[in-house]
Amino acid sequence: MARNITFFWCPVCNSIVELVENGGQSLACCNQSMERMKVKEKGEGSEYHLPELKHRDGLLYVKVGSKPHPQSDDHHIKFIVFVTKQTVRRSDIKSNSMASAVFTDKEHGDVYAYCSLHGLWKTSF
Ligand SMILES: [Fe+2]
């Protein structure tokens, strides 16, 4: 079972924060509360956003979507995060680059993909 991670987002400046340790207080940015990002695991748009996984030779190959996601400046996958019981690994993705990443494989984990327009998506294994 992967550890639970939480991302927060500022609707004013678009900053994104990953909560490493929850101290029980709310987070604020631009003089207002940050919004906790909802995680989608299915539904409309999943064919463009859900991380697809391949396990091969000790590596975990992640490709976002069964259909290619746009990677334009204003709409693209910005990062992929692989979370296990003890580790959190992030691969940042630039616009006009493939929405994919490679990590050292593990037995279980959660893989998140963040789209600049459609939010956070997750595939677990
Ligand atoms: Fe998208």
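Predicted model: local features only at pLDDT ≥ 70, side-chain atom pairs only at ≥ 80, totals over all residues.
Which residue in β13 stands opposite D110? That would be S124.

**The five-stranded sheet**
- This open sheet runs in the order β6-β13-β12-β9-β10, and its pairing is mixed.
- β6 (39-40) and β10 (88-92) sit at the edges with a single partner strand each, so one side of each has no neighbour in the sheet.
- Further in, β12 (residues 110-115) and β13 (residues 119-124) run antiparallel and are joined by six bridges.

**The three-stranded sheet**
- Here the order is β7-β8-β11, again an open sheet, with antiparallel pairing.
- The edges belong to β7 (51-56) and β11 (100-104), each of which pairs on one side only.
- Neighbouring strands in this sheet are turned against each other by 20° on average, ignoring direction.
- β8 (residues 59-64) pairs with β11 in the antiparallel sense through five bridges.

**Two asparagines with positive phi**
- Most residues other than glycine have a negative phi, so these two are worth a glance.
- N31 has a positive phi of about 65° and belongs to the loop between β3 (28-29) and β4 (32-33).
- N31 counts as exposed because it has 6 C-beta neighbours inside 10 Å, where the cut-off for exposed is 12 or fewer.
- N96 also has a positive phi, near 65°, and lies in the loop between β10 and β11.
- With 10 C-beta neighbours inside 10 Å, N96 counts as exposed too.

Note on methods. Residues numbered from 1 in each chain as written. Pairing = 2+ DSSP bridges. Helix = DSSP H or I, 4+ residues; strand = E, 2+ residues; numbered from the N terminus. Axes fitted to C-alpha atoms, helices over the stretch in contact; angles between N-to-C directions. Buried ≥ 20, exposed ≤ 12 C-beta atoms within 10 Å, placed from the backbone.
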